[in-house]
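Me: Could you walk me through this fold, with the cut-offs spelled out as we go?

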Amino acid sequence: LTYVVTSKRKLAQLVNEHHVKGWNDPRLPTLVGLRRRGYTPESLHLFCERIGVTKADSWIDYSTLEGALRDTLDPIAARAMAVLNPIKLIITNFAKDSIEPCSAPVHPHDESRGRRNFGFSHELWIEADDFQTVPAKGYHRLYPPINGVAGGRVRLKYGFVIECTGFEQDDSGNITIVYAQYFSDSKSGSATSGNYKVKGVIGWVSKHDALSVQVNLYDRLFNEAQPSKDFLEDLNPHSLTTVSAYVEPSLKNTAAGSHFQFERLGYFVTDCIENTSDTPVFNRAVSLKDTWKSV
């Protein structure tokens, strides 16, 4: 399998020299590691069916394993909104003490699973990537007014259409606050929502009911598809990034091993070891699409 090693000797070296956090580290191709990463028995069965059986040595691209996981999680994973790299969004024309109820299906293709509820408020969290001070060509998300032209418009998924009116940044140039106004007759599902045509749709969570969580973003263990004899030199230093994030309130008190699709972000699983009710921990199982080139 590309981008990992399956030799027991090499795996033991990774564990014993603390390059990973034990045999159940989600970056390892061990069964306990794969389970903690979010792989299901069904995804491994599908992977085996797709690669077949041969007597000849061959390399199987890691994306084949990830594809099997996506295909098995898509029909079963509950949906949720999350913000992994948050910046504050203030809706200037929405009352500070008001909450507008919003809802979304637990699963878009299975109405019997019900709906999840959350509130729209004066202060929200959005992804930092959903705002640019100077929009790149083809960028259809938020940006401030430029030379008298109105700022970018987007739909907050399951919420309202908003238009960016300005922003604040710190002394280092980092964006700290984005300002926008909302259109009260644009709420998703309302009779007048169709009057607004926008190209961008972004995720969000409301500051008043968002849950603060830890998210482990796992990536390929090695930078090289076929690690060399000196395999430690090929280790990916960014194979684990831990971030403080916000998720919608429906994820409160989720059981260990529960799978979710964080909309627009990927598939995640509640960690079976580090997760607590006070500090929820989620692991990224796989992104929504393959961002690595095939071998």
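Me: How far apart do the centres of the positive and negative side chains lie?
Reply: Happy to start there, noting that this is a predicted model, where local features need pLDDT of at least 70, side-chain atom pairs count only at pLDDT 80 or more, and totals for chains, interfaces and linings use all residues. Residues are numbered from 1 along each chain as its sequence is written, and side-chain values use heavy atoms, leaving out hydrogens and water. Lys and Arg count as positive, Asp and Glu as negative, with His and the chain ends not counted, and each charge is placed at NZ of Lys, CZ of Arg, CG of Asp or CD of Glu. With 33 positive and 34 negative side chains in the protein, the two centres are separated by 3 Å.

Me: What share of the residues is buried?
Reply: Buried means under 20% relative accessible area (1.4 Å probe, protein chains only). Of 295 residues in the protein, the buried share is 47%.

Me: Which residue is the bridge partner of Val215?
Reply: Strands here are DSSP runs of E with at least two residues, numbered from the N terminus. Strand 12 (residues 211–218) runs antiparallel to strand 13 (residues 240–247), and eight bridges join them. Within strand 13, the partner of Val215 is Val243.

Me: What angle does helix 4 make with strand 16?
Reply: Helices are DSSP runs of H or I with at least four residues, and contact means heavy atoms within 4.5 Å. Axes are lines fitted to C-alpha atoms, for helices over the stretch in contact, with angles from 0 to 180 degrees between N-to-C directions. Helix 4 (residues 62–73) packs on the sheet, touching strand 14 (259–262), strand 15 (266–270) and strand 16 (281–286), and its direction makes with that of strand 16 an angle of about 115 degrees.

Notes
Buried means under 20% relative accessible area, exposed over 50%, partly exposed in between (1.4 Å probe, protein chains only). Two strands pair if DSSP finds at least two bridges between them.
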